[in-house]
Amino acid sequence: MTAAEVEIPPVPPAASAAPAPAARRLAAGARLAWLHLRSRRVPAAVLALALLAGALRAMLHWHLMSGGTLDQQGPMVIEAGAAVLIAITTHSPFGEAERATGRWLPYLRLGAALALTAVAVGALQLGATGASLPGGVLVLARNVIGVTGIGLLAALVTGGLLAWIPPLGYVGFAEYALNEAWRNPWTWPVRPPADRGAWICAALVFAAGLVAVTFRGARTSLADNG
């Protein structure tokens, strides 16, 4: 018998990399989203939103701030607090490294901002259920989305951790506008629910904030020019 007569078993072809099952891809996506939310302290923000809803409920039930302009000022401050929480969650603990490697980062930013805004509106509306809220849920929703937009835009300049400053400053300005009976659409927190100009202003600010935080993200440091 010669070496030529020895049959060498054929080497099986390498198995082609089969696409991951849909369930595995879904699980990986869910884990990525959860890690993103945890890194932004979104679970803590949801808990804080629940506490704000409870505070709104107590304020309306026991009339803690009532009489004159206080009827609007109290809920306005709580709605601004909800918007501030959303803006703070734009802070990234990873900075430039996350931007360079996160292919899904823009989608995660957008999804987190939209989801938290919806949770904020829903939680506050639940807290106001059965109580007399000035302007109703329409004014509540308009205030939350508009002031959230200010916070998201502010995060590009100040960073997420300091993004609370411009929204609270705007609410202070809105309270002044309320006392002075201003009717400008950019003072949307003090306008009636059917004011179309106020809705346009709030929606435009919110849309601009979403676009900015989706594609640019919050500033991570004073030296961040990217």
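Among contacts (heavy atoms within 4.5 Å) between residues at least 6 apart in sequence, 73% join residues at least 24 apart. This is a predicted model, where local features need pLDDT of at least 70 and side-chain atom pairs count only at pLDDT 80 or more, while totals for chains, interfaces and linings use all residues. Residues are numbered from 1 along each chain as its sequence is written, and side-chain values use heavy atoms, with hydrogens and water left out.

View 1. Helices (H or I, at least four residues) and strands (E, at least two) are DSSP runs, numbered from the N terminus. Of the 226 residues, 39% count as buried, meaning under 20% relative accessible area with a 1.4 Å probe, protein chains only.

**View 2. The largest nonpolar core, with 20 residues.** A nonpolar core here is a set of buried Ala, Val, Leu, Ile, Met, Phe, Trp, Tyr and Cys residues joined through side-chain atoms within 4.5 Å. Leu56, Leu124 and Leu140 touch the most other members. Helix 2 (42-61), helix 3 (70-88), helix 5 (105-128) and helix 6 (136-158) each give two or more residues, and helix 2 has the largest share, with seven. Zoom in on Leu124: skipping neighbours within four places in sequence, its contacts are Leu52, Ala53, Leu56, Ile78, Glu79, Ala82, Leu140 and Val144.

**View 3. Helix 7 (residues 165-179) and its buried face.** Its 15 residues reach 22 Å from first C-alpha to last, close to the expected 21 Å (1.5 Å times one less than the number of residues). Pro167, Tyr170, Val171, Ala174, Glu175, Ala177 and Leu178 are the buried ones. Seen down the helix axis, these fall within an arc of 160°, so they line one face of helix 7; the arc is that of the directions from the axis to the C-beta atoms. They pack against helix 3 and helix 6. Just past the end of helix 7, Ala181 takes a positive phi of about 60°.

View 4. At the start, a side-chain oxygen of Asp195 comes to within 3.0 Å of the backbone nitrogen of Gly197. The buried residues of helix 8 include Ala202, Phe206, Leu210 and Val213, and the buried set packs against helix 5 and helix 6. Just after helix 8, Gly217 has a positive phi of about 85°.

Definitions and conventions: Buried means under 20% relative accessible area, exposed over 50%, partly exposed in between (1.4 Å probe, protein chains only). A polar contact is a pair of N or O atoms within 3.5 Å; within protein, one must be able to donate a hydrogen and the other to accept it, and residues adjacent in sequence count only if both atoms are side-chain atoms.
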